[in-house]
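Reader: I would like to go through the labels attached to this model and see what each one rests on. Please set the values beside the cut-offs.

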Amino acid sequence: MIIVMNADATDKQIKTVDSRLQELGFKTILNQGDVMTVIAAIGDKRLIETESLESMDGVKQILPIREPYKMASRETHPHDTVITFDNGVKIGGNHNFAVMAGPCSIEENPDHLLRIAEVVKQSGAQFLRGGAFKPRTSPYDFQGLEEEGLRQLADVRDKTGLLVVTEVMDSQEVPLVAQYADILQVGTRNMQNFKLLKAVGRQNKPVMLKRGMSATVREFLLAAEHILYQGNEQVILCERGIRGYDSTFTRNVLDLAIVPVLKRLSHLPVIVDPSHATGHRYLVPPMANAAVFAGAHGLMLEVHYDPDKALSDGAQSLNLEQYAAVMRTLNKVTAFYQQEVAQAECLIKA
Ligand code: PEP
Ligand code: MN
């Protein structure tokens with residue numbers, strides 16, 4: 001439920017209501033706005049008689065939370081979540097466009113990763129992505145360098161200052177991956193691995209949750225809810241394409257409309273991965289630009305030193321020159337979007 005406080009409620013009254021809810025076993029989220037304060041209380045409503053709450057000093061009204069994803073919902077948290085990293089980089093909200101780029105898998109040669117990272121950084125990205133634990137469809141495909149890959153990532157972070165995004169596949173491996181990563185990625189195949197969601201929810205690094213390849217919006221937000229419910233409020237949603245009926249020309253169907261839908265329903269940052277969504281590098285630039293215009297807070301792009309020799313996802317990976325060219329355009333496109341488009345779109349209410 002949502003407890004709407006009177007516009008002139010005092011800090012003491014707000015705190016008393018908040019403490020009472022916590023005593024009763026509710027998780028509370030306090031939203032102190034300029035005009036008024038609302039407290040979202042998540043838990044079992046049977047624990048309390050709402051009349052007793054309604055009569056507390058400073059309380060104006062009690063409303064039910066309609067959405068099943070209570071903590072992910074904008075109802076309980078009207079303002080955009082902005083995730084801030086130690087070096088000042090931000091994801092979410094306005095004017096913080098995040099780019100995560102790098103190879104699908106970390107491979108043997110650390111010099112190649114460093115070279116990719118240097119180009120990634122020069123062109124204005126803030127994050128280096130790379131898989132060390134790889135969820136491969138076939139057991140005969142490259143399965144990733146595991147901890148050795150994580151070490152390479154951390155080493156390149158030290159040399160470049162880029163933040164590191166890497167996938168964790170198993171709840172047992174969360175502490176290990178969290179030791180090296182700045183953002184823990186949960187992949188499409190694990191979007192409903194509830195043990196993993198709970199485990200990443202219990203640690204304090206941001207989590208990038210990729211949409212399950214056949215997940216509905218509601219399932220996606222409920223997966224995020226599992227992480228939030230464990231106490232980790234730093235969740236980034238990533239649209240990476242869903243299964244369609246024709247994969248002849250595109251690996252998946254990039255569901256760009258989900259970006260404004262998610263932004264309407266939730267306060268969490270939303271990014272788009274046009275590499276996995278399309279499966280072909282020539283489709284990455286147009287879909288990356290389109291993602292900006294859909295209102296995404298960022299992008300994830302696969303970039304390889306020599307894509308023809310990549311051990312995974314070479315066909316969708318950009319080489320270094322292609323990547324730099326894509327970023328030159330994207331920098332202009334994001335500036336144009338932020339200056340001209342974002343405000344105009346606010347005029348049409350969802
Ligand atoms: C990846 O990012 O390399 C990856 C495996 O992504 P997804 O889970 O979206 O397939
Ligand atoms: Mn990949």
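**Labels and the values behind them**

Author: Arg-151 has a relative accessibility of 42%, so Arg-151 counts as partly exposed. The model is a predicted one.

Reader: Why is Arg-151 called partly exposed rather than buried or exposed?

Author: Buried means under 20% and exposed means over 50%, with partly exposed in between. Arg-151 is at 42% and therefore counts as partly exposed. Glu-148, at 33%, gets that label too.

Reader: What makes Glu-148 and Arg-151 a salt bridge?

Author: The cut-off is 4 Å between a side-chain nitrogen of Lys or Arg and a carboxyl oxygen of Asp or Glu. The closest N and O atoms of Glu-148 and Arg-151 are 3.7 Å apart, and the pair therefore qualifies under the 4 Å limit. Both residues lie in helix 4 (residues 147–160), three residues apart, about one turn of the helix.

Reader: How many salt bridges does a search of the whole structure find?

Author: The search finds 15 salt bridges. Another of them joins Asp-306 and Lys-309, with an N to O distance of 3.1 Å. Asp-306 is partly exposed at 26%, and Lys-309 is exposed at 62%. As for networks, Glu-147, Glu-148 and Arg-151 are joined into one by salt bridges that share partners.

Reader: Which salt bridge does Arg-251 form?

Author: The side chain of Arg-251 meets that of Asp-313 at 3.1 Å, N to O. Arg-251 is in the loop between strand 12 (235–239) and helix 8 (258–265), while Asp-313 is in the loop between strand 14 and helix 11 (320–345), so the pair ties together parts that are 62 residues apart in sequence.

Reader: How do you know whether Asp-313 is buried or exposed?

Author: The limit for buried is under 20%. Asp-313 is at 19%, so Asp-313 counts as buried.

Reader: What makes a residue a donor to the manganese ion (ligand 2), and which residues are they?

Author: The test is an N, O or S atom within 2.8 Å of the metal. Cys-104 (SG), His-276 (NE2), Glu-302 (OE) and Asp-313 (OD) coordinate the ion at 2.0 to 2.3 Å, and they therefore meet the 2.8 Å limit. Water is not among the atoms, so the site may look incomplete. In sequence the donors are spaced C-x171-H-x25-E-x10-D. Cys-104 lies in the loop between strand 7 (98–102) and helix 3 (110–122) and Glu-302 in strand 14 (residues 298–302), so this pair ties together parts that are 198 residues apart in sequence. Cys-104 and Glu-302 are both buried.

Reader: What makes the approach of Lys-134 to ligand 1 a polar contact?

Author: A polar contact needs a pair of N or O atoms within 3.5 Å. A polar side-chain atom of Lys-134 lies 3.0 Å from an oxygen atom of ligand 1, and the pair therefore passes. Arg-189 has such an atom at 3.0 Å from an oxygen of the ligand, and His-276 has one at 3.2 Å. The protein covers 97% of the 300 Å² of accessible area that ligand 1 has on its own.

Reader: Which residues are around ligand 1?

Author: Among them are Cys-104, Arg-129, Glu-167, Gln-185, Lys-210, Arg-240 and Glu-302.

Methods: Residues are numbered from 1 along each chain as its sequence is written. Chains are lettered from A and ligands numbered from 1 in the order in which they are written. This is a predicted model: local features need pLDDT of at least 70, side-chain atom pairs count only at pLDDT 80 or more; totals for chains, interfaces and linings use all residues. Side-chain values use heavy atoms; hydrogens and water are left out. Donors are N, O and S atoms within 2.8 Å of the metal (3.2 Å for Na, K and Ca); water is not among the atoms, so sites may look incomplete. Helices (H or I, at least four residues) and strands (E, at least two) are DSSP runs, numbered from the N terminus. Buried means under 20% relative accessible area, exposed over 50%, partly exposed in between (1.4 Å probe, protein chains only). A residue is near a molecule or strand if one of its heavy atoms lies within 4 Å of it. A polar contact is a pair of N or O atoms within 3.5 Å; within protein, one must be able to donate a hydrogen and the other to accept it, and residues adjacent in sequence count only if both atoms are side-chain atoms. Accessible areas come from the Shrake-Rupley method with a 1.4 Å probe; for residues, only the protein chains shown count as cover.
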